[in-house]
Amino acid sequence: DFLESTASKGEKVLLVGIKRQLKDKLKEKAEALGIPYVSEKWVGGTITNLAVIFRQIKKMQKMQEEREKGEWNKFTKKEQLILQEDLDRLNHQFGGLRTLEKVPQAVFFFDMKESKNAVSECRGKGIATVALCDTNTNPELVDYPVPANDDAIKSLDLVLTLVCDAIIHGKMSYEKGPEIK
């Protein structure tokens, strides 16, 4: 309910799932639905130093445009390879954040234990946190704990589907205005 109401106000919800068994599915679903996500390592300062992250995202987008327009053809093969490696690195680190325009209103963590730095960053900035809480985590560290197994693939798939559905339903009600509410 919280995620849906947040999305229905036009606010962004960031999904963080760096578990090996969830990475690919999270990336696929979030990209298809236009939801910002982090499926690789959390880059320290993503929330606290968002201006730098936005500069990196703009650099990545500019490099992609230059490559698509053929502007890289003026460089040697070695220089093109170096540029491509830099673009791949940026895409790997920040590719899921390209739809983020400002600080997210809420962050959903699929594994609190692996994302403890991200959780503390969000708490420090006063961002609402929602997380799956297994028996090995402290549910008091997040605003909205969701008791569930964060290791089982089926459990993660179910929660991912429910979270994405809630966010999309909230987005749709925001776009349609007061008609749905």
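**Entry 1: Asp111 and Lys19**

I looked up aspartate 111 first. It forms a salt bridge with lysine 19, and the closest N and O atoms are 3.4 Å apart. I noted the cut-off: a salt bridge is a side-chain nitrogen of Lys or Arg within 4 Å of a carboxyl oxygen of Asp or Glu. This pair links distant parts of the chain, 92 residues apart. Aspartate 111 sits in the loop between β3 (106-109) and α5 (116-125). Lysine 19 sits in the loop between β1 (13-16) and α2 (23-33). Helices (H or I, at least four residues) and strands (E, at least two) are DSSP runs, numbered from the N terminus.

Are aspartate 111 and lysine 19 buried or exposed? I found both buried. Buried means under 20% relative accessible area, exposed over 50%, and partly exposed in between (1.4 Å probe, protein chains only).

I must keep in mind that this is a predicted model: local features need pLDDT of at least 70, side-chain atom pairs count only at pLDDT 80 or more, and totals for chains, interfaces and linings use all residues. Residues are numbered from 1 along each chain as its sequence is written, and side-chain values use heavy atoms, with hydrogens and water left out.

How many salt bridges does the structure hold? I noted nine. Side chains of opposite charge can pair when their charged atoms come close. Lys19 and Asp111 also belong to a network of salt bridges, linked with Glu114 and Asp151.

Next I checked glutamate 40, which meets lysine 23 in a salt bridge (3.4 Å, N to O). Glutamate 40 lies in the loop between β2 (37-38) and α3 (50-69), and lysine 23 lies in helix α2, so the pair ties together parts 17 residues apart in sequence. Glutamate 40 counts as partly exposed, at 22% relative accessibility. Lysine 23 is partly exposed too, at 25%.

Then I turned to aspartate 86 and arginine 89. Their side chains meet in a salt bridge at 2.6 Å, N to O. Why are they separated by about one helical turn? Because they are three residues apart in helix α4 (residues 77-94). Arginine 89 has 37% relative accessibility, so it counts as partly exposed.

I found serine 39 in the loop between β2 and α3. At 5% relative accessibility, serine 39 counts as buried. Which residues does serine 39 touch, not counting residues up to four places away in sequence? I listed Gly17, Ile18, Lys23, Leu26 and Lys27. Contact means heavy atoms within 4.5 Å.

Lysine 59 lies in helix α3. It is partly exposed, at 36% relative accessibility. Leaving aside neighbours within four places in sequence, lysine 59 is in contact with Asp86 and Leu90. I also checked lysine 59 against serine 115: they are 56 residues apart in sequence and 26 Å apart in space, C-alpha to C-alpha.

**Entry 2: The whole chain**

I counted six helices and five strands in the protein chain. From the N terminus on, the elements run α-β-α-β-α-α-β-α-β-β-α. Of the 181 residues, 41% count as buried. Along its principal axes, the C-alpha trace spans about 55 × 45 × 30 Å. Among contacts between residues at least 6 apart in sequence, 58% join residues at least 24 apart.
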